[in-house]
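Try each task yourself before reading the solution.

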Amino acid sequence: MPGIWIYSEDSTVARQLLTAGQELKKTTDQSVNVIAITDEAAQSLAGAGADKVYLLKGISAWPESYAGVIDELLKKEQASVVLIGATLRGKDVAAKVAAKLQAGLVTDALTVQFVNDAIETTRLMYGGLAICTEVVSLPALVTIPPRTFAEASETAGQGEIITVEVTNEDSRVVISNVCPIVREGADIATANRIVCVGRGLSKQEDMKLVEELAAACGAEIACTRGISEDYHWLPNDRYIGISGQKVKPELYIGMGISGQVQHVVGIRDAKIIVAIDTNEKAPIFEAADYGIVGDLYEVVPLLTAALQKK
Ligand SMILES: Cc1cc2nc3c(=O)[nH]c(=O)nc-3n(C[C@H](O)[C@H](O)[C@H](O)COP(=O)(O)OP(=O)(O)OC[C@H]3O[C@@H](n4cnc5c(N)ncnc54)[C@H](O)[C@@H]3O)c2cc1C
């Protein structure tokens, strides 16, 4: 019986995909099944409204060890569409499973719907300048970025959990060592307020200005690509944009940032955008809710002082 399938190694993202799956279910009445790789995730997703949760047991955390199992499961159960969280690992799994299934794969979709026995998706192209609509025949795989859909409530239902004992694990890849990425401060992707700095800042010592403003408004510090990749003033996980992080803060304050599309695509979902730049024609002002045309070396200390007084 064809079904809608969901997979993410991150159970928060899986619950977001569950919302997308439930929307699809309304138009086809297919069941919504989730693949989980931990007991905790399986419990949470069964409670969040999945009809069935397939819990893979006996796998390693390495996608090579379970992409084949997912492929077999999807074939056996005749999946019609498979929604996969577009995390680094999710994209890896999606590509492997699509190749094994010989199925079409759309990446980073923002919407997904059934249209005439096929799947129609939309996603951004050219750094967000255009929306691309694609139609994929079934079975289809679609990766969806984190936070595209709201999380399904963990009390939405009580689905069945089916344990799948994996015995034919691919042992060609083994984990010999794990080196966690050490992050300084919070993850900017989930920050509520962000102070972002661009190449308008002339030297690294002046980062103090940025730090003081961030401290005054309780914000995380982020930057444009050049500040991290070229100048190395901030780590790479701090830059925002098409090849960096996508952020969704309540408040984004950008200073000395021209607002090229590759950066702006990463702040599109910020609620309030404030821009400070000397060039009144800088494209950042087209994206901004509030713009201050001025020298950041004059404006930022005034703003910081005003916020500190509050
Ligand atoms: C394939 C590709 C992917 C890319 N991905 C990303 C990405 O993910 N993220 C990203 O950020 N970029 C990305 N880029 C780079 C992007 O195109 C821009 O070059 C970059 O965003 C510009 O950074 P910036 O605004 O800091 O610098 P600039 O464009 O040099 O702008 C500096 C701004 O500072 C202003 N300024 C100067 N002095 C002052 C002052 N004293 N006070 C106030 N304002 C001042 C100037 O008027 C100017 O507007 C990518 C590029 C390519 C080709």
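A residue counts as buried when its relative accessible area is under 20%. Keep in mind that this is a predicted model.

**Exercise 1. Describe the overall build of the protein chain.**

Step 1: Start with the extent; the C-alpha trace spans about 65 × 45 × 35 Å along its principal axes.
Step 2: Apply the burial cut-off: 46% of the 310 residues count as buried.
Step 3: Look at the contacts between residues at least 6 apart in sequence; 62% of these join residues at least 24 apart.

**Exercise 2. Locate the domains and work out how far apart their centres lie.**

Step 1: The domain assignment gives domain 1 as 3-165 and domain 2 as 188-309.
Step 2: Between the C-alpha centres of domain 1 and domain 2 the distance is 34 Å.
Step 3: For the contact, domain 1 contributes seven residues and domain 2 contributes eight residues.

**Exercise 3. Characterise the interface between the two domains.**

Step 1: Domain 1 and domain 2 bury about 530 Å² between them, with 51% of that area coming from carbon and sulfur atoms.
Step 2: On the domain 1 side, pick out Leu-124, Gly-127 and Arg-147, which supply 82% of the area that domain 1 buries against domain 2, more than any other three residues.
Step 3: Check the polar links: there are zero salt bridges between domain 1 and domain 2, but two residue pairs are in polar contact.

Methods. Residues are numbered from 1 along each chain as its sequence is written. This is a predicted model: local features need pLDDT of at least 70, side-chain atom pairs count only at pLDDT 80 or more; totals for chains, interfaces and linings use all residues. Side-chain values use heavy atoms; hydrogens and water are left out. Domain bounds come from an automatic or database domain assignment. Contact means heavy atoms within 4.5 Å. Buried area is the accessible area (1.4 Å probe) that two parts lose on being put together, summed over both. A salt bridge is a side-chain nitrogen of Lys or Arg within 4 Å of a carboxyl oxygen of Asp or Glu. A polar contact is a pair of N or O atoms within 3.5 Å; within protein, one must be able to donate a hydrogen and the other to accept it, and residues adjacent in sequence count only if both atoms are side-chain atoms. Buried means under 20% relative accessible area, exposed over 50%, partly exposed in between (1.4 Å probe, protein chains only).
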